Amino acid sequence: MTLADQPLGCDALIAHVHADGPLGDRLMEMGLTPGTKVQILRQSAGGGLLQILIRGYRLSLRRSDAATIELCP
Amino acid sequence: MIGTSIAEGHDFRVALAGNPNTGKTALFNALTGTYAKVGNYPGVTVESRRGQIRGSDITILDLPGCYSLIARSPEEEIAHDALTSRLGEVPPDVIIAVVDANNLSRNLYLVQQLAELGRPVVLALNMMDVARQRGVEIDVEALTTATGMPVVPTVATSGEGLQQLVEAVRTARSTATPSTQWPSLSEDERQVVEQAISDLNSAGAECSLGHTLWLLTSNATHVQSHWPQAWAIVAGARDDLERMPPQEPSAPFSRRLIAARYQKIDPIVARVVQQTRPPGPERTDRIDDVLTHPVWGMSFFMLAMAILFQAVFAWADPLIGLVENAMVWIGGVLQSTLPEGVLRELLIDGLVAGIGNILVFLPQILLLFFAIAILEDTGYMSRVALLLDRLMRRVGLSGKSFVPLLSSFACAIPGIMAARTIESQRDRLVTILIAPLMSCSARLPVYTLVIGAVFSTSEPVLGVLSAGGLIITAMYFLGIFMALAVAWMFKRTLLRAPPAPFIMELPAYKRPNVRDVCVQMWRRSRVFITQTGPIILALSVILWALMAYPRAELPAAERATLLETSQLAADSAEATTLIENAAATHRLRESIAGTLGRMIEPIIEPLGFDWKLGIGLIGSFAAREVLVSTLGQVYGVGSEAKEESVVLRQALLADVDPETKEPRFTPLVGVSLMVFFVLAMQCLSTVAVVRRETASWRWPLVMIAYMNGLAWVCAFATYQVGRLLGYS
């Protein structure tokens with residue numbers, strides 16, 4: 001189950017960031033590390049953009065990027 | 001590199017580092033007052049903000065906000081280089097790490113990287129007022145102990161804690177070199193890294209922990225090519241780290257390092273931060289419910305933009321009038337005090353006109369940047385980037401291109417410089433290339449002149465909207481539409497790249513701080529003056545020369561004919577004016593500029609322009625708005641003519657083709673002229689800035705070629721299709 005499939009408003013723990021190269025590095029540097037709690041706050045009209053709550057702040061990212069983040073079951 | 005002591009006797013230099021949206025720049029403004037110097041980092045095109053802490057000998061350097069020292073955008077590269085003395089300057093004595101107290105966890109990531117550099121760091125725990133409001137309490141002492149660095153709570157917008165911060169900075173400079181702060185690596189990993197540091201030091205490289213980690217995790221080719229000696233030393237260590245049995249799940253060392261840093265941070269944050277009140281629904285989220293709503297959000301945005309543009313262009317008018325009057329007055333003073341001759345002409349028509357051309361836009365530019373600064377300071381801009389991301393993605397860009405493009409409506413130059421925040425190099429380049437298509441302030445006088453001449457008597461459309469207003473709006477939309485089309489084309493051909501990831505922090509909404517907004521407005525406006533000023537000035541003088549020489553006197557025969565047909569008394573004031581204007585027109589026609597105008601006539605005739613407009617076009621290459629005063633001279637009404645000048649409009653309309661006896665300046669020609677101006681690249685100052693921002697001549701030339709080609713084709717299409725449809 002990835003962050004892209006997570007229903008709104010529910011907490012989940014990050015298991016692993018699968019994205020390659022600079023994208024994955026950047027996601028981790030922004031705080032999306034294994035074991036961190038994450039929640040989807042809202043999504044854009046077309047569903048393409050997600051706004052998540054991570055480490056106490058709001059981050060927006062594309063659904064395609066969120067799909068590379070695996071969550072703990 | 002390390003080990004600068006007071007005994008060395010150089011200045012006390014401090015660098016300000018931190019994440020974006022932490023109030024770092026507000027802190028800088030508060031510490032330095034308004035006397036900060038804006039310049040360029042040596043050899044690089046990113047702006048540096050440098051100032052003196054008020055009432056002290058400390059120089060403070062404001063680094064661009066960054067989330068990590070691993071550079072992903074040109075701005076972040078600057079932060080890294082400035083801190084590691086790659087810019088050829090002495091590295092700072094003390095680093096002030098500005099941290100958002102509401103967001104400690106992620107902010108400490110950068111602080112950890114800074115601590116690894118081995119230089120004294122002082123932590124400014126900023127935005128304490130917001131934290132208190134939200135019931136967040138931070139144990140400052142515990143944080144100090146845990147991080148090994150002095151922590152000072154501050155509120156940059158009110159000045160709270162600043163004195164203590166400066167004292168802490170002084171103390172930090174004189175204390176011994178701080179102990180190295182290691183991220184939570186495994187024993188094995190730590191051993192390899194320690195060995196690498198030792199090897200590098202023995203080889204004379206003197207590397208901090210931070211720099212060593214950077215060598216061990218950066219792109220291999222990059223390290224090999226830039227630091228071959230260091231590469232030789234660390235290559236083995238890099239292999240060891242990759243082959244190490246991974247903690248699960250497997251990841252390259254660079255990822256494990258990032259996790260290791262957070263592993264160090266998490267327990268600290270847990271120990272130090274306390275939520276004393278249960279957090280209710282955050283104000284920011286409730287506002288976002290509206291402002292990022294698919295329907296309400298977009299509506300609010302459209303409304304905000306409409307108000308913004310209306311305000312900018314309406315409120316700027318009286319100020320523009322002021323500037324124009326001032327210029328006329330100065331011109332008048334020079335006219336009466338200086339003896340007649342070349343010098344006087346040069347000063348009035350070259351220098352004063354040139355300065356006027358620059359200053360006349362300042363009101364609009366100041367207002368637009370004021371508005372943009374407010375939108376940014378409140379945190380709304382990032383939401384706008386969200387709203388527009390979908391549209392931008394259709395052409396291959398991202399929402400991040402929005403602010404540079406919005407700024408370009410005032411002047412493309414600060415807009416182009418704002419593109420530095422775009423991480424993807426290709427996206428940045430495309431944004432720069434299309435920025436000039438956003439109709440800048442300088443095009444407005446052209447639109448105003450044309451509308452005033454040929455459309456002011458038109459019937460209102462739908463009984464309410466003025467034809468002129470509609471046409472100007474259409475011109476703006478033409479520019480936007482073309483920009484998106486060109487962006488799409490570039491991203492599919494020359495500048496192909498997969499869509500860049502869009503990862504963006506959404507800061508909490510806050511009340512805008514007037515001082516910070518004004519400083520930001522002034523900073524960007526100043527860029528406009530310093531970048532365009534010298535060039536426009538120089539070109540105005542050159543243009544004056546081109547239009548003034550060679551000097552041809554109005555032949556006596558023509559003079560006589562003119563007097564006869566006008567039936568004015570030979571010595572009357574009106575006759576004198578008439579003769580003077582005719583003489584000016586004649587001089588212009590015989591000058592170099594006039595010859596050029598006549599030379600290009602074959603090229604512009606299919607667009608509906610004649611040689612008179614041709615001279616105007618040549619003039620407008622100095623600065624677009626020069627078209628108006630040039631046309632004033634060409635049509636014999638004097639160069640002080642402004643776009644609202646009734647006399648100039650009448651002259652334009654009265655101009656008749658000697659052969660066909662048809663009016664030359666028809667509505668169709670007017671529209672064709674405007675279309676040309678929307679799309680043509682005429683501003684040489686913009687070309688100069690693009691050259692600097694892209695560090696080569698290739699892209700400026702591409703821009704000139706594609707824009708002027710597009711302008712010609714579209715004006716051609718407009719005119720010819722108009723002719724086919726029966727207009728003249």
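**View 1. The interface of chain B and chain A.** In this predicted model, the area buried between chain B and chain A is about 3,100 Å², with carbon and sulfur atoms giving 51% of that area. Buried area is the accessible area (1.4 Å probe) that two parts lose on being put together, summed over both. Contact (heavy atoms within 4.5 Å) links 41 residues of chain B with 32 residues of chain A.

**View 2. Salt bridges across the interface.** The rule finds 5 salt bridges between chain B and chain A. Each is a side-chain nitrogen of Lys or Arg within 4 Å of a carboxyl oxygen of Asp or Glu. One of them joins R62(A) to D389(B), with the closest N and O atoms 3.0 Å apart.

**View 3. Strand pairing between the chains.** Strand 4 (residues 57–62) of chain A pairs with strand 10 of chain B. The sense is antiparallel, over 3 bridges. Strands are DSSP runs (E, at least two residues), and helices are runs of H or I (at least four), numbered from the N terminus; two strands pair if DSSP finds at least two bridges between them. L59(A) stands opposite E505(B) in strand 10 of chain B.

**View 4. A helix contact within chain B.** Helix 31 (residues 684–694) of chain B meets helix 32 (residues 698–724) of chain B. Residues of helix 31 in this contact include V687(B) and R691(B); those of helix 32 include W699(B) and M703(B).

Residues are numbered from 1 along each chain as its sequence is written, and chains are lettered from A in the order in which they are written. Local features need pLDDT of at least 70, and side-chain atom pairs count only at pLDDT 80 or more, while totals for chains, interfaces and linings use all residues; side-chain values use heavy atoms, leaving out hydrogens and water.

Note on methods
Axes are lines fitted to C-alpha atoms, for helices over the stretch in contact, and angles run from 0 to 180 degrees between N-to-C directions.
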